[in-house]
Amino acid sequence: MDTAKSSHKYFHSFCIRPNTRFQTQGENEVVIAMFRAHPITLLFPFLNGFVFVLLLLLANFYFFVFLNVKEILFINFFALILIFNYYWYNFINWYFNVGIVTDDQIVDVDFNVTLYKEVSYTQLTHVEDVTAKSGGYFATLFNYGNLFIQTAGTEINTEFLNIPFPSEAAKIINELVESTHNHG
Amino acid sequence: MDNSSLSVFMSTYLSGPFLIRFFYKAFSIVSTVIFFVYTIVIHKQIEEVTNTIANRKHSILVFVSFIQIFVVLCLVIFALFYL
């Protein structure tokens with residue numbers, strides 16, 4: 001894969017040379033690639049939300065006959081906002097759980113809207129091994145999988161989960177690690 | 001309070017429909033307020049993470065989360081004064 005040209009695949013889940021910066025990025029540091037989970041992983045939350053909408057419609061027909069107009073309006077409005085929030089929560093979790101590969105380091109952003117935010121940085125010189133794993137019906141069908149980056153010593157190992165083209169991503173990182181070792 | 005006014009009070013405020021309305025309103029207010037706090041948390045988290053990873057499109061996300069706070073605030077007001 002050509003890492004010199006900018007390209008975006010699967011709703012920006014596999015980006016080469018993206019127009020993205022991060023907080024601790026050095027002045028001359030270049031973002032080579034950015035990975036997110038494959039957008040198909042959002043399918044199940046999307047279907048869940050659709051079921052919630054159907055349940056709300058059913059509730060309108062069967063249960064709300066006992067309530068007045070204001071109460072029905074309130075419940076419907078509140079339920080729709082909750083459903084929208086469910087979609088929003090899942091989208092934000094997907095959007096901000098990214099892995100960034102630069103010419104100097106690998107940044108893993110693990111983000112959960114309400115619970116925590118964890119950003120781990122791994123220098124390319126510390127990378128020992130990169131493993132791409134893919135398994136399961138959907139993963140094989142849509143070509144996504146997990147990428148495990150092992151580091152030397154007691155440093156935290158980095159992992160990018162459910163990213164598209166995991167072997168391509170491993171290849172990009174391996175090439176960068178190799179060039180870093182050669183230059184360093 | 002004499003017996004007749006007590007019985008009027010009990011029949012008015014401890015009757016089934018009044019209690020149902022009371023609990024309905026209390027539940028609505030509490031749940032919308034909790035949800036309001038939750039949307040503020042989401043907004044703060046999004047602001048925080050957009051500082052960590054910067055992109056031109058991120059202002060849209062912050063704007064949508066802000067709109068959500070505004071809509072939920074409207075719900076809180078609705079639950080407080082119009083329900």
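What share of the contacts in chain B with a separation of 6 or more comes from residues 24 or more positions apart? The share is 63%, with two residues in contact if their C-beta atoms, placed from the backbone, lie within 7 Å.

A word on the model: it is predicted, local features need pLDDT of at least 70, side-chain atom pairs count only at pLDDT 80 or more, and totals for chains, interfaces and linings use all residues. Residues are numbered from 1 along each chain as its sequence is written, while chains are lettered from A and ligands numbered from 1 in the order in which they are written.

**View 1. Chain B on its own.** Chain B has three helices and one strand, running α-α-β-α along the sequence; helices (H or I, at least four residues) and strands (E, at least two) are DSSP runs numbered from the N terminus. Its C-alpha atoms fill a box of roughly 70 × 20 × 20 Å along the principal axes.

**View 2. Where chain A touches chain B.** Here 20 residues of chain A are in contact with 22 residues of chain B. On the chain A side, H2(A) gives the most, with eight residues. Elements giving two or more also include strand E6 (105–111) and strand E7 (117–123) of chain A.

**View 3. H2(A) against H3(B).** Helix H2 (residues 69–96) of chain A and helix H3 (residues 58–82) of chain B have axes that come within 11 Å and cross at roughly 155 degrees (axes are lines fitted to C-alpha atoms, for helices over the stretch in contact, and angles run from 0 to 180 degrees between N-to-C directions). That makes H2(A) roughly antiparallel to H3(B) (angles over 145 degrees; under 35 counts as roughly parallel, 65 to 115 as roughly perpendicular and the rest as oblique). Among the residues making the contact are Phe74(A), Phe77(A) and Ile81(A) from H2(A), with Val71(B), Leu75(B) and Tyr82(B) from H3(B).

**View 4. H2(A) against H2(B).** H2(A) also packs with helix H2 (residues 16–52) of chain B, at about 25 degrees and with the axes 12 Å apart. That makes H2(A) roughly parallel to H2(B). Glu71(A), Phe74(A), Phe78(A), Ile92(A) and Phe96(A) meet Tyr24(B), Ser28(B), Thr32(B), Ile46(B) and Val49(B).
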